Amino acid sequence: MAFDLDMIKQVYSRLGSRVEAARKATGKPLTLTEKILYTHLTEGAAQHTYTRGVDYVDFAPDRVAMQDATAQMALLQFMQAGRPKVAVPSTVHCDHLIQAKIGADTDLSTAKDQNKEVYDFLASVSDKYGIGFWKPGAGIIHQVVLENYAFPGGMMIGTDSHTPNAGGLGMVAIGVGGADACDVMAGLPWELKFPKLIGVKLTGKMSGWTSAKDVILKVAGILTVKGGTGAIVEYFGDGAQSLSATGKGTICNMGAEIGATTSIFGYDTKSEAYLRGTERAEIADLANAVKEHLTGDAEVYANPELYFDQVIEIDLDTLEPHVNGPFTPDLAWPISKFAQAVKENGWPTKLEVGLIGSCTNSSYEDITRAASIAHQAVTKNLKTAAEFTITPGSELVRYTVERDGYLGTFEGMGGVVLANACGPCIGQWARHTDDPTRKNSIITSFNRNFAKRQDGNPNTHAFVASPEIVTAFVIAGDLTFNPLTDSMTNEKGEQVKFDEPMGIELPVKGFAVEDAGYQAPALDGSKVEVKVDPKSSRLQLLDPFTAWEGTDIKGLKLLIKAKGKCTTDHISMAGPWLKFRGHLDNISNNMLIGAINYFNDKADTVKNELTGEYGPVPATQRDYKAAGIGSIVVGDENYGEGSSREHAAMEPRHLGVRAILVKSFARIHETNLKKQGMLGLTFANPEDYNKILEDDTFDIVGLTDFTPGKPLQVVIHHKGGLTDTITVNHTYNAQQIEWFKAGGALNIIRAQMAK
Ligand code: MIC
Ligand code: SF4
């Protein structure tokens with residue numbers, strides 16, 4: 001499992017000179033983000049400076065991390081690239097496919113059984129190509145990465161949108177689709193538009209109930225789900241230095257919910273303590289030697305408005321705990337206003353389940369703070385009102401908190417400890433309910449709360465908060481209760497109040513673990529055979545997509561005009577569908593089934609223009625495909641928000657959708673579309689969304705002269721014979737236009753490797 005010390009030394013050896021060169025070339029002091037980005041330019045890209053938000057830049061990331069639900073597609077693509085071994089250190093983490101039902105042990109063994117074929121595939125592919133393999137039960141990717149691989153000043157990409165978690169330890173860690181990971185593992189440069197920079201200055205110091213989670217809940221309220229798009233968020237100020245490394249990780253993790261490319265904190269004594277606490281003293285020593293480069297320049301932090309594109313200031317002294325939701329992570333309520341919001345909006349006040357843990361919030365500190373509240377249920381004779389589950393983020397944390405008695409505390413108040421995995425966070429939750437049609441409330445310490453995400457039930461109102469606030473609500477069972485100020489009647493009839501939570505940042509006795517769950521790859525993988533059963537329903541080798549036909553694309557039908565929020569959960573639902581993540585044709589049966597049809601307000605019911613009948617989206621599209629007719633999908637703002645899953649781009653590609661035309665895109669999804677050879681277009685005039693009618697057909701014009709920066713035209717043929725011609729924008733650069741022409745980036749890599 002050992003981290004790669006040589007690689008870290010190499011990064012640090014060029015850090016100083018790259019920083020110096022960039023300062024000279026830009027003529028300015030540098031933010032931390034710029035230092036790391038300039039250090040990770042490819043040799044070819046290192047001679048230049050770049051304009052934020054404009055220039056595409058080639059980077060050479062230090063490592064790649066993949067979780068099981070996205071690794072399957074990433075590695076199926078990598079297998080086609082024709083390389084004997086990965087070019088950079090890479091790992092696979094088995095965390096998404098474990099369903100929470102009864103409790104850790106039973107659920108884990110059921111998962112191993114049910115997913116055997118997929119785990120065997122991932123283990124053997126990893127073995128063959130030199131990839132470290134973290135077995136099911138080892139923990140959630142982001143927690144395991146923070147504990148083992150993240151290092152200050154590094155750059156990593158990961159096939160999961162919460163990869164930025166490693167920013168808590170000063171790494172530029174970016175979520176991508178599998179095709180991007182495939183490029184980096186194949187030794188190719190990784191391209192990203194040079195991000196804009198948002199500075200968040202933290203002043204003061206948190207106390208009492210306020211925790212790191214509340215910083216990001218507040219930031220999400222300010223910036224909204226699309227406010228961070230195209231930007232890296234850099235946190236600084238004396239308040240930043242008062243936060244634990246894992247608390248910083250929580251903030252960076254949930255930065256995905258504002259659409260940020262990533263978020264980052266500088267290296268400080270808290271980072272050092274965490275590195276030493278997780279047995280990486282060598283890295284701490286190396287980092288100390290270059291520490292002036294592992295933070296932004298003093299001039300930048302003294303006058304942030306001169307160097308960042310946007311600056312936000314948050315005073316931790318006055319920051320209140322927050323609860324965000326329901327249905328979107330940016331609906332932010334300070335706890336003092338939450339009860340009123342619940343009442344005014346008619347959200348169910350009774351809390352049915354509280355869930356803590358996940359990749360966002362399962363550090364030793366989180367667990368101890370939540371346990372300090374749980375403990376009061378016993379000492380104050382309070383009966384726990386709601387159900388309670390705990391998902392530890394890694395075996396290291398789980399083993400340690402069990403040793404230190406905290407899991408016992410949760411169990412003592414009726415909590416159920418689940419496997420070290422994503423579980424309920426991604427709908428891998430066999431929630432038992434007597435009546436699924438009842439409007440109901442749950443609260444989690446996770447990061448996302450889109451409709452249906454945790455339990456597939458549209459009537460569930462999910463709220464997000466810190467683990468300690470969740471625990472307090474579980475005991476109270478009522479969302480109009482304010483844990484900071486209100487009292488409750490205990491079993492003896494007395495009025496009692498909660499004491500403030502207390503936490504311990506790092507275990508006093510140190511972390512411990514018996515089996516962390518790591519498997520190193522074979523030194524020589526050439527003999528290892530990767531088996532995919534051709535009859536498998538879960539794994540399918542990929543066929544290359546066909547190249548562009550070389551002409552404008554005409555006569556496209558409207559598959560669906562999606563209304564309102566259309567996240568990757570709407571486009572390619574998780575939960576029960578996770579099992580098909582390695583089988584493109586089978587998973588395509590979930591394509592857009594969660595999107596709301598603008599014309600009838602229904603999910604998965606669209607008009608089939610060939611028959612005039614209404615039917616499910618995937619079946620309708622399969623009809624078009626069979627008839628050799630292409631289609632387009634129309635959408636609203638921030639289309640593809642949420643996950644990195646490239647299935648949301650590959651499914652439409654596989655089923656013959658030619659273009660996605662929306663008001664705006666979320667970053668990862670837009671790139672995923674481009675990588676797979678799809679057209680991702682935006683309305684030049686967002687009002688043109690209203691011109692799209694159900695029976696329209698479309699021509700995409702200008703493709704023979706497809707050029708960076710030059711808009712295309714879409715001719716809309718309405719049913720009665722009228723036409724509208726609208727302008728649509730795109731962000732394809734020259735390279736990405738080549739991907740489109742070749743039918744996908746992988747077709748180009750394959751051709752290059754074959755040379
Ligand atoms: C998520 O939190 O939505 C997921 C599940 O971790 C996804 C990845 C996936 O869909 O496999 C993500 O965040 O990228
Ligand atoms: Fe897993 Fe949830 Fe974290 Fe995604 S957000 S990696 S599903 S725990």
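These legends describe close-up views of a predicted model.

Local features need pLDDT of at least 70 and side-chain atom pairs pLDDT 80 or more, while totals for chains, interfaces and linings use all residues. Residues are numbered from 1 along each chain as its sequence is written, chains are lettered from A and ligands numbered from 1 in the order written, and side-chain values use heavy atoms, without hydrogens or water.

**View 1. Helix 23 spans residues 647-655 and is mostly covered.** Nine of its nine residues are buried (under 20% relative accessible area, 1.4 Å probe, protein chains only). Among them are His647, Met650, Arg653 and Leu655. Helices are DSSP runs of H or I with at least four residues; strands are runs of E with at least two, and both are numbered from the N terminus.

**View 2. The buried residues of helix 23 pack against several elements.** These include helix 3 (68-81), helix 22 (617-626) and strand 26 (657-662). Contact means heavy atoms within 4.5 Å. Gly656 follows helix 23, with a positive phi near 95 degrees.

**View 3. Ligand 1 is surrounded by 14 residues.** The closest are Asp160, Ser161, Arg453, Arg581 and Arg645. A residue counts as near if one of its heavy atoms lies within 4 Å.

**View 4. Side chains of Arg448, Arg581 and Ser643 reach oxygen atoms of ligand 1.** For Arg448, a polar side-chain atom lies 2.8 Å from a ligand oxygen. For Arg581, the distance from a side-chain N or O atom is 2.7 Å. For Ser643, the corresponding distance is 2.8 Å. Taken alone, ligand 1 exposes 340 Å², and the protein buries 97% of that (Shrake-Rupley method, 1.4 Å probe).

Definitions and conventions. Buried means under 20% relative accessible area, exposed over 50%, partly exposed in between (1.4 Å probe, protein chains only). A polar contact is a pair of N or O atoms within 3.5 Å; within protein, one must be able to donate a hydrogen and the other to accept it, and residues adjacent in sequence count only if both atoms are side-chain atoms.
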